[in-house]
Amino acid sequence: MQHYHYIFTGSGLSALMTVYEMILSGKFEDKTILLIDENPKKSNDRTWCFWDEKDAFSKITTKKWNSALFTDEHFKRDLELIPYQYKMIRGLDFYNLVFDLIAQHNNIHFLHQKVIDFQELGMHCVVKTETQSFTCNQIFNSIYTPELVKSQSKYPLLQQHFIGWFIKSKEGVFDTNQVTFMDFSVEQKGNTRFMYVLPTSPTEALLEYTLFSADLLPKEEYETEIKKYIEKLGINEYEIVEKEQGNIPMTSYPFWEHNTKNIINIGSVGGWTKASTGYTFKNTIKKSKQLVGFLSLESDFRKFHKKDKFWLYDLLFLDVLYKRNDLGSSVFSSLFKKGNPTLIFKFLDEETSFSEDLQVMLKCPKLPFIKALLGRLFG
Ligand SMILES: Cc1cc2nc3c(=O)[nH]c(=O)nc-3n(C[C@H](O)[C@H](O)[C@H](O)COP(=O)(O)OP(=O)(O)OC[C@H]3O[C@@H](n4cnc5c(N)ncnc54)[C@H](O)[C@@H]3O)c2cc1C
């Protein structure tokens, strides 16, 4: 059986970002690394957006915006993002960037196969695909098993679920300087529903009908809402260039409790998705850097994760939205109506001090959050 130092079960965002950081560090050239994925990662299966004040991945950034629009049925606010910019990266450009780098390193291999099992066996780990088995010292797993979260009720599971259409319209209606971050003017129907618009030219944009809720909708419902929104924008003629869809887990479930000495869960299954928003890309940049730094000092993966105050904030937020999914629009509107946008983004990046946290949190309706806190303390 072939042996590697490290095996990555799943080779999407978090695995490729971690390998990218390993390569940049120059400290893993004597380690053999195997990446396994059931998908060859040769198509554009997702578009990542995130706010950032650094120049990360500038070569593959397709579009940047300095301003964002927040709106509901009663008000609109232009959010100046400086010092941040809102950025867009196509999944395929990221995969190609990392695979091109991997191709220059003989110690790293990619295998296009489905993983059917992996486990730690005392001194080493075993990974089985449909046709082969490998041993290794340590495993980085990013294969998500929804059953883990669904089989418990202590930590509610919401999903950020959406369908997005990249359209090209005849009429030039889009403002290319501004992304529509959240448009809550769409009918809420008892949920947290909004439209998200990423314009790349006056006639081209990605429009996503998005929910933060427990249950997915029939596909037609998302698409009917996108069509209605396109009409509302005054577009009469358009073509759909590409479609994407996603459902990203939003939960404070402590995934890291499944880490063992030699198996670490990374990406969404490692709790790297921000539970209250579903954003994962920027957190993955941070966490993979931390993980690569950790590897040069430590080898026991159980020591990697640290729980902090933001975990509790997210837990309370999800408790509120899980019980009263209809409150999402009013919570976000209260936050963005008067709140300082850059402070809100800093808070969502988990980089604020306690006094800054209070400035952000006190903008939200208090009663549901107090109830959620009491529920956690005494419930
Ligand atoms: C359409 C879409 C758009 C998104 N947009 C954003 C965004 O704008 N901003 C943001 O921050 N986040 C976004 N996300 C959320 C998040 O960034 C992504 O889901 C991200 O890819 C998560 O990284 P990951 O490594 O956890 O999982 P993935 O990137 O999904 O990697 C897991 C890998 O495991 C592989 N795999 C699964 N099962 C097996 C198996 N049995 N054997 C072998 N391989 C297997 C999969 O093929 C996949 O490549 C989006 C997600 C989706 C789906």
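Biologist: Okay, helices (H or I, at least four residues) and strands (E, at least two) are DSSP runs, numbered from the N terminus. Where is Pro-83 found?

Modeller: In the loop between strand 6 (76–80) and strand 7 (85–90). This is a predicted model, where local features need pLDDT of at least 70 and side-chain atom pairs count only at pLDDT 80 or more, while totals for chains, interfaces and linings use all residues. Residue numbers start from 1 along each chain as its sequence is written.

Biologist: Got it. What kind of peptide bond joins Ile-82 and Pro-83?

Modeller: A cis one, with omega at about 15°.

Biologist: And what's the phi of Lys-41?

Modeller: Near 60°, a positive value in a residue other than glycine. You'll find Lys-41 in the loop between strand 2 and strand 3.

Biologist: Switching topic: which domains does the assignment give?

Modeller: Domain 1 is 2–45 + 90–151 + 251–303, domain 2 is 158–250 and domain 3 is 309–378. Those bounds come from an automatic or database domain assignment.

Biologist: How far apart are the C-alpha centres of domain 1 and domain 2?

Modeller: They lie 31 Å apart. Eight residues of domain 1 are in contact with four of domain 2 (contact is C-beta atoms, placed from the backbone, within 7 Å). On the domain 1 side of that contact, two residues are nonpolar, six are polar and none is charged.

Biologist: What goes into those classes?

Modeller: Ala, Val, Leu, Ile, Met, Phe, Trp, Tyr, Cys and Pro are nonpolar, Asp, Glu, Lys and Arg charged, and the others, Gly among them, polar.

Biologist: Now the ligand. How many residues surround it?

Modeller: There are 27, and the closest are Gly-10, Gly-12, Ser-14, Gly-246 and Gly-267. A residue counts if its C-beta atom, placed from the backbone, lies within 6 Å.

Biologist: Which element gives the most to that shell?

Modeller: Strand 3, with four residues. Helix 1, strand 2 (33–37), strand 3 (47–52) and strand 16 (238–250) are the elements that each give two or more.

Biologist: And the shell by class?

Modeller: Eleven nonpolar, eleven polar and five charged.

Biologist: Where does the ligand lie relative to domain 1 and domain 2?

Modeller: Between them, because both domains give residues to the shell around it.

Biologist: Back to helix 1, then. Which residues does it use to meet helix 5?

Modeller: Leu-13, Ser-14, Met-17, Thr-18, Glu-21, Met-22 and Ser-25. Facing them in helix 5 are residues including Phe-281, Ile-285 and Leu-291. The contact has seven nonpolar, five polar and two charged residues.

Methods: Two residues are in contact if their C-beta atoms, placed from the backbone, lie within 7 Å.
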